[in-house]
Amino acid sequence: MPPPRNERLRRDEIGRRDALGAYRFDPAEADAFADRFDPLALAASSDGTRIVSPWHVAAAFMPLNVAFQARASVLQFGPSPGVSDLVWHRPVLQGETLHYSQTATAKRRTARLAGWGLLTTQVEARDEADELVFSMIGRVLVRTD
């Protein structure tokens with residue numbers, strides 16, 4: 001049974017920050033991701049620790065977001081028109097753990113799709129010292145009825 005309409009609307013309040021969870025970049029997994037999706041990313045830091053593909057850092061957001069939304073089960077998501085403003089503030093080293101969060105920054109009803117609205121979010125990943133490592137703007141269609 002879907003939640004009441006007013007609960008759906010409260011769920012995505014502007015300025016609301018959701019902690020999505022942590023993601024550890026296991027070296028074997030990071031190498032496998034780079035081999036498959038970003039072979040140019042295989043580099044090492046000055047101490048010899050391998051650097052994680054920037055695309056792996058971005059992609060790690062999705063399973064955390066899907067799991068969080070499944071647990072929250074309030075908004076009904078549709079397709080995403082995409083992301084923008086991806087910024088890698090520094091390289092991520094294999095073995096590091098990042099903490100991802102998402103803050104609702106805007107919402108509006110769509111003009112052409114009855115029953116749908118566009119939710120815009122600021123996605124961030126921070127390291128163990130709470131330093132910003134990655135950020136992007138996400139957009140997703142959500143049910144409004």
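Colleague: How many salt bridges does the structure hold?

Modeller: This is a predicted model, in which local features need pLDDT of at least 70, side-chain atom pairs need 80 or more, and totals for chains, interfaces and linings use all residues. Residues count from 1 along each chain as its sequence is written, and side-chain values use heavy atoms, without hydrogens or water. Going by salt bridges (a Lys or Arg side-chain nitrogen within 4 Å of an Asp or Glu carboxyl oxygen), the structure's total is six.

Colleague: Which residue meets Arg 90 in a salt bridge of 2.6 Å?

Modeller: Look at the side chain of Arg 90, which takes part in this bridge through an N to O distance of 2.6 Å. The partner that meets Arg 90 there is Glu 96.

Colleague: Are Arg 90 and Glu 96 buried or partly exposed?

Modeller: Buried is under 20% relative accessible area, exposed is over 50%, and partly exposed is in between (1.4 Å probe, protein chains only). Arg 90 has 29% relative accessibility, so Arg 90 counts as partly exposed. Glu 96 has 17%, so Glu 96 counts as buried.

Colleague: How far apart are the closest N and O atoms of Asp 127 and Arg 90?

Modeller: Asp 127 forms a salt bridge with Arg 90. Asp 127 is itself buried, at a relative accessible area of 11%. As for the gap between the closest N and O atoms of Asp 127 and Arg 90, the value is 2.9 Å.

Colleague: Which residue forms a salt bridge with Glu 124?

Modeller: In this bridge the closest N and O atoms are 3.3 Å apart.

Colleague: How far apart in space are Arg 139 and Lys 107?

Modeller: Arg 139 lies in strand E5 and is partly exposed, since its relative accessibility is 28%. Leaving out residues up to four places away in sequence, its contacts (heavy atoms within 4.5 Å) include Ser 80, Pro 81, Leu 118 and Thr 120. Lys 107 is 32 residues from Arg 139 in sequence. From C-alpha to C-alpha, the distance is 9.4 Å.

Colleague: Which residues does Asn 65 touch, not counting residues up to four places away in sequence?

Modeller: Asn 65 has its place in helix H4. Asn 65 counts as buried because its relative accessibility is 11%. With residues up to four places away in sequence set aside, Asn 65 touches Leu 20 and Gln 102.

Terms used. Helix = DSSP H or I, 4+ residues; strand = E, 2+ residues; numbered from the N terminus.
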